[in-house]
There are 4 protein chains.
Amino acid sequence: MQFKKNEVRNAILESAEKAFLEQGFEGASLRSIVKKANTTIGNFYNYFSSKEELFDTLVTHDYKMFMKLLSEHEPMDRPDHLWDLSNPKIWREVLSEFIIQFIPEFGNGFVLLIQSSEGTSYQNTRKILIKAIEEHFVDHIDRFGENEDLKGYAPIMASQFVDGFSKILLDHDNPKTRNKLLIDHLLFYMIGTMGMIGKF
Amino acid sequence: MQFKKNEVRNAILESAEKAFLEQGFEGASLRSIVKKANTTIGNFYNYFSSKEELFDTLVTHDYKMFMKLLSEHEPMDRPDHLWDLSNPKIWREVLSEFIIQFIPEFGNGFVLLIQSSEGTSYQNTRKILIKAIEEHFVDHIDRFGENEDLKGYAPIMASQFVDGFSKILLDHDNPKTRNKLLIDHLLFYMIGTMGMIGKF
Amino acid sequence: MQFKKNEVRNAILESAEKAFLEQGFEGASLRSIVKKANTTIGNFYNYFSSKEELFDTLVTHDYKMFMKLLSEHEPMDRPDHLWDLSNPKIWREVLSEFIIQFIPEFGNGFVLLIQSSEGTSYQNTRKILIKAIEEHFVDHIDRFGENEDLKGYAPIMASQFVDGFSKILLDHDNPKTRNKLLIDHLLFYMIGTMGMIGKF
Amino acid sequence: MQFKKNEVRNAILESAEKAFLEQGFEGASLRSIVKKANTTIGNFYNYFSSKEELFDTLVTHDYKMFMKLLSEHEPMDRPDHLWDLSNPKIWREVLSEFIIQFIPEFGNGFVLLIQSSEGTSYQNTRKILIKAIEEHFVDHIDRFGENEDLKGYAPIMASQFVDGFSKILLDHDNPKTRNKLLIDHLLFYMIGTMGMIGKF
DNA sequence: AATGAATGAGGGTTCATTCAT
DNA sequence: AATGAATGAACCCTCATTCAT
């Protein structure tokens, strides 16, 4: 019965993903999740030990991915040499190459982590990520010592960058438009940052 | 008991504002709100007729402000002539004058409206505002007919612009730094937009 | 300040009477009663010691009246000689004289006792009265020994007689139509009883 | 657990029926109902979706019956030819046949509808029925044009007829005595009405 | 593997009553 | 005499979780 088992399990996971994305972890009730998955609340506990573990399952892969990325601190930095390119016009294609290699890894799990994890043990993920991105921005700002007070805006930039990233993933399933938008997104923030620094 | 009355009322309002900001309207429980305000649930209803009315009280002023601004559609457009200025360097001071006249009116009420109103009658406010901003962006993109596919990014930009705006209000009470950040924010989006269009 | 005092007191009594009649003792809230009386909940307790005492005040006169009537057992019996009259046509005028002498005493207090006293210490009044009337009916039925099993219907007759009586008082303020209806009512029950016994 | 399920469900229904009859829909608390049914408030909602649905369940069959009877308007009229019979003595047996065909359908559900539905969606049932009965009485009174002012008493008669009907159902489970009393009841009202009109 | 009955805590709300002012 | 703030119990209802079947 391995086969059927996975069917139910997957049905629950799908239903839960949708519910969590739409109503958040606390807002989505187990009752409604299992109902949409065509099973019962009792049976749910044959597959998952708790609501939290359900969320965990949906999110763990992307969380590990994300943490690895964060600790390696390499792929994230890769496009940085762009900062030294003079012309925004050529950024797009370089970014495009960059984004293709690590973006596919992220999916709705990432969105759940960022937008729907309130009430779970992951609720700090968003903050951690934002903090990391912020430091990243600050690094670059620091290279241009003159804009000290721009740093105040860095946290805002960082949180928006992350939320925008997550919003794109959420709203767009089609990989092509998704990637295009993600590139737009990176581009927008690079241009914005450069402009704020005074590069134009 | 007129004296104590306002104290309690304000304690409830403060406690509620904090709770709503942190946990959203539905996530924040009346019981926890009144507890932090050092009163009882029964007494709460001597001051407010419902949880919704409590939210209403916190939000109504900023909501009216916001609706007025939206319908007049004038102050919001004012800084648009900046788009025709060639040099980003001088934008800052022009924006600065503009922002001073209408920003001071907004406070945490606006943040509640944008970030914490799910489950209240105001829950569409964020969407309305984002839609309005989005149209605004699209207008400017349209002036440069060649970037048709940039429009896909407009909704992202709009929602982030609004969320960033709200985040600044939330994180900064000090009017001076707040205004500075709001100017940064506008600047960042103008630069970003112009850059995306290909102006640089 | 005796004058003003009674004004408030009367306003409360009027408002309460209406509320109790419409929603019953438990269904009517003190809050709504004092609001309609243009005073406050706190002030209410300067005039009455409890909700129950308020009801008490509205009802005590009619209750005593009623109890006296019940124990004397005289006026109630008075029209009984009618039973021996052969022609229903002449009953009406005899009843008319009878009813005039004791009906005026009853008012809304009586209705409250019968229809709105659930939850108060008077909640048995209706039952007591009905029981008394029932015994009355049974007495007359007994005079015609042959209809033994008619007695089963006596409790129904009694409770309906009482409720109808009370309903007339409730629906009709005008003394003239009220008395006419009360006479109709008595007549109806006398005819019905005689008919059931087999007099026609 | 199918076995136990119905036990609990029935226990709740029984307890609720009793509570609603005694204290009305709003007066009866869910807590007291489930307590008497030896279960918990949480569990109640595994059987019924709301207090209203609980009432609904108790009442829906009789409500449909009643509505059908009212719309067909036939069985109700059937005994009318009795009015033209000269001798009350033979009425009883004719009524007896009539009543047997439609009365058995009614039970406590009907009583709940009439006496305990305040606060539910059925709260107008009593009024509707009384109005229908009243019109019925008026019809017959109209055949004897001379008693115009008797019509004032028709609403009283109608409401009492209905309440008496309901009281009999409430007080008597035994079908035999119940039917006998219902016949008595009809008889009583026919005699009363004829007498009032002046037929005797 | 699957069911759904059972639990108990907590949600927003209303109530009669008390009491300081 | 008058106010209305304060209390605590009770209202209907939803929730995640447990457990017997």
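How many residues does the contact take from chain C and from chain D? It takes 23 residues from chain C and 24 residues from chain D. The model on display is predicted, and this tour begins at that contact.

**Stop 1: chains C and D**

Select chain C and chain D together. On the side of chain C that touches chain D, at least two residues each are supplied by α1 (2-27), α8 (154-171) and α9 (175-197) of chain C. The largest share comes from α9(C), with ten residues. Coloured by class, this side of chain C shows ten nonpolar, nine polar and four charged residues.

Next, superpose the two copies. Chain C is brought onto chain D by a rotation of 177° with 0.1 Å of shift along its axis, at an RMSD of 0.6 Å. That is the relation of a two-fold axis. To find where this axis runs, select Gly192(C): of the residues of chain C, Gly192(C) comes closest to the rotation axis, with its C-alpha at 2.4 Å. The copies meet through the same surface, because 100% of the interface residues of chain C are also interface residues in chain D.

**Stop 2: chains A and B**

Hide chains C and D and select chains A and B. Here 24 residues of chain A are in contact with 24 residues of chain B. The elements that give two or more residues to the side of chain A that touches chain B are α1 (2-27), α8 (154-171) and α9 (175-197) of chain A. Which of them gives the largest share? It is α9(A), with ten residues. By class, the side of chain A that touches chain B divides into eleven nonpolar, nine polar and four charged residues.

**Stop 3: helices α7 and α8 of chain A**

Stay with chain A and select helix α7 (residues 125-142) together with α8(A). These helices pack at an angle of about 125°, with their axes 8 Å apart. α7(A) and α8(A) are therefore oblique to each other, and α7(A) passes α8(A) in a right-handed crossing.

Display the side chains where the helices meet. From α7(A), select Arg126(A), Leu129(A), Ile130(A), Ile133(A), Glu134(A), Phe137(A), Val138(A) and Ile141(A). Their partners in α8(A) are Ala154(A), Pro155(A), Met157(A), Ala158(A), Ser159(A), Phe161(A) and Val162(A). Sorted by class, the contact of α7(A) with α8(A) has twelve nonpolar, one polar and two charged residues.

**Stop 4: helices α8 and α9 of chain B**

Move to chain B and select helix α8 (residues 154-171) and helix α9 (residues 175-197). What angle do they make, and how far apart are their axes? The angle is about 170° and the axes are 9 Å apart. α8(B) and α9(B) are therefore roughly antiparallel to each other.

On the α8(B) side of the contact, select Met157(B), Phe161(B), Gly164(B), Phe165(B), Ile168(B) and Leu169(B). They meet Arg178(B), Leu181(B), Leu182(B), His185(B) and Tyr189(B) in α9(B). This contact has eight nonpolar, two polar and one charged residues.

**Stop 5: the DNA strands**

Bring all chains back into view and select DNA strand E. It is surrounded by 41 residues, the closest being Gly42(A), Ser29(B), Leu30(B), Lys51(C) and Gly42(D). Helix α3 (residues 41-47) of chain D gives the most to the surface near DNA strand E, with five residues. That surface near DNA strand E divides into 14 nonpolar, 17 polar and ten charged residues.

Finally, select DNA strand F. Which residues are the closest to it? Of the 41 residues that surround DNA strand F, the closest are Lys51(A), Gly42(B), Asn43(B), Gly42(C) and Ser29(D). Helix α3 (residues 41-47) of chain B provides the largest share of the surface near DNA strand F, five residues. By class, the surface near DNA strand F has 14 nonpolar, 17 polar and ten charged residues.

Definitions and conventions:
Residues numbered from 1 in each chain as written. Chains lettered and ligands numbered in written order. Predicted model: local features only at pLDDT ≥ 70, side-chain atom pairs only at ≥ 80, totals over all residues. Contact = placed C-beta atoms within 7 Å. Helix = DSSP H or I, 4+ residues; strand = E, 2+ residues; numbered from the N terminus. Nonpolar A, V, L, I, M, F, W, Y, C, P; charged D, E, K, R; others polar. Least-squares fit on C-alpha atoms with pLDDT ≥ 70 in both. Near = placed C-beta within 6 Å. Axes fitted to C-alpha atoms, helices over the stretch in contact; angles between N-to-C directions. Parallel < 35°, antiparallel > 145°, perpendicular 65-115°, else oblique. Left-handed = near helix turned anticlockwise from the far one by under 90°.
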